[in-house]
Amino acid sequence: MSRRGLLLGGLAVAAAATGVAGTSNAWGAEPDVIDCDAWGARPNSDVVPVWNQRPVKILVHHTATPNVTDLSRGAGERLARGIQNFHMDQRGWLDSGQHFTISRGGYVLEGRHRSLEVLRIGERQVEGAHCTGQNVVAVGIENEGTYTAADPPAVLWNRLRDLCAYICQQYGIDPTEIFGHRDFKDTACPGDVLYGRLPQLRTEVAGVLGQHVSRRIAAKESWPLLRVADRGPAVLAAQHLLREVGMTGVAADGTFDRRTADAVRRFQTVHRTEEVNGMIGGESWPLLVRPVRPGADGEAGRAVRALLASGAPARPAESLVGAEDWRRLLSAPTSLAG
Ligand SMILES: [Zn+2]
């Protein structure tokens, strides 16, 4: 513990020293961004709302479209037009939902009108439509492709890092405040691979800005995304919590089977979540957990004990486990495995 503390302290001192020496380079320069006019956006169908406040976080998405091999600027512009058409014609939105788009070829494109102009000033926030509940506090970035199993191309990754650094700098956002869509919704977005690289993204963005973030801080506690075929203590805890709210047909056996997914769908329907898809992510977890003492009788107490038994940090039996504690306990099995 003390050795680790000393090591981290030493790194922090080294980073601070580097920061002093290289202050003039510790800066997120504005990346090349193809604005709406340049890629041929349609006019927005209604006034784009602009809020008199700064966003406080960045949300990373993937477009869940094919991992195309056409890396040209033209392909990037077609992508931006395709998303805008989809959002306006199918979703009925006034414009593209995301603030920025990055193509597989590494082209950064403005999404919703005014996003670039407002970012350059760094005082206000264009209201997006990329994640309900986050649209006036988070900048949304769509990354072209599907990153459930594949890695994003290096050129896309580098532009994502540079764009995030510029956004963090313009708005004074801490690089640790970079999230994935799944942190707030029951969705696989931005894909397991890209989501798994968010700690690296936070670290690299901090580096561009001349800051240092420890591995532990960069890893961040997060609600796990659970789906069919997942196994382990988090699944077991979820099953106990579903039983707690009356889904007694769910077997508490630590395997996320079809019956568990059906129960999650019923739970999502009752709570009117955005998605009814049988996945437990950042929207359902906060609705599912409840304050409980680890020594308590009943299913919620069993859920806590399932996590504690799996090696999460021990807690006194009488201390109340609140929402933040639940998130910490649930993210622990993942971080132990990683
Ligand atoms: Zn998304």
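**First stop: the second largest pocket**

Select strand 3 (57-62) and helix 3 (73-90): each of them supplies at least two residues of the lining of the second largest pocket. Helices here are DSSP runs of H or I with at least four residues, strands are runs of E with at least two, and both are numbered from the N terminus. A pocket is found on a 1 Å grid over the protein atoms alone, as an open set of points with protein on both sides within 12 Å along at least five of seven lines; a cavity is a set where a 1.4 Å probe fits but cannot get out, and lining residues have an atom within 4 Å of a point.

Before you go further, two notes on what you are viewing. This is a predicted model, in which local features need pLDDT of at least 70 and side-chain atom pairs count only at pLDDT 80 or more, while totals for chains, interfaces and linings use all residues. Residues are numbered from 1 along each chain as its sequence is written, and side-chain values use heavy atoms, with hydrogens and water left out.

Which element gives the most to the lining of this second largest pocket? Helix 3 does, with four residues. Now show Arg91, Trp93, His130, Glu142 and His181, which lie nearest the pocket's centre among its 27 lining residues. By class, the lining has eight nonpolar, 13 polar and six charged residues. For these classes, Ala, Val, Leu, Ile, Met, Phe, Trp, Tyr, Cys and Pro count as nonpolar, Asp, Glu, Lys and Arg as charged, and the others, Gly among them, as polar. The space in the second largest pocket is about 620 Å³, a volume being the space filled by probe spheres set on grid points that are joined across faces, edges and corners.

**Second stop: the zinc ion**

The zinc ion is coordinated by ND1 of His61, ND1 of His181 and SG of Cys189, at 2.0 to 2.3 Å. Donors are N, O and S atoms within 2.8 Å of the metal (3.2 Å for Na, K and Ca), and water is not among the atoms, so sites may look incomplete. Along the sequence, the spacing of the donor residues reads H-x119-H-x7-C. His61 sits in strand 3 and Cys189 in the loop between strand 8 (178-180) and helix 6 (192-196), so this pair ties together parts that are 128 residues apart in sequence.

Are His61 and Cys189 buried or exposed? Both His61 and Cys189 are buried; buried means under 20% relative accessible area, exposed over 50%, and partly exposed in between (1.4 Å probe, protein chains only). Stay here and look at the peptide bond joining Cys189 and Pro190: it is cis, with omega of about 10°. Pro190 lies in the loop between strand 8 and helix 6.

How many cavities of 30 Å³ or more does the structure hold? There is one. Helix 4 (115-121), strand 6 (125-126) and helix 5 (154-171) are the elements that give two or more residues to the lining of this largest cavity. To see the lining, select residues including Phe100, Leu119, Val139 and Tyr171. The lining divides into six nonpolar, three polar and one charged residue, around about 70 Å³ of space.

Next, colour helix 5. Just after helix 5, Gly172 takes a positive phi of about 65°.

Arg114 also has a positive phi, about 80°, although it is not a glycine. You will find Arg114 in the loop between strand 5 (108-110) and helix 4.

**Last stop: helix 10**

Select residues 258-271 for helix 10, whose buried residues are Thr260, Ala261, Ala263, Val264, Phe267 and Gln268. Seen down the axis of helix 10, these buried residues fall within an arc of 160°, so they line one face of the helix; the arc is that of the directions from the helix axis to the C-beta atoms. Turn to the other side of helix 10, and Arg258, Arg259 and Val270 are exposed.
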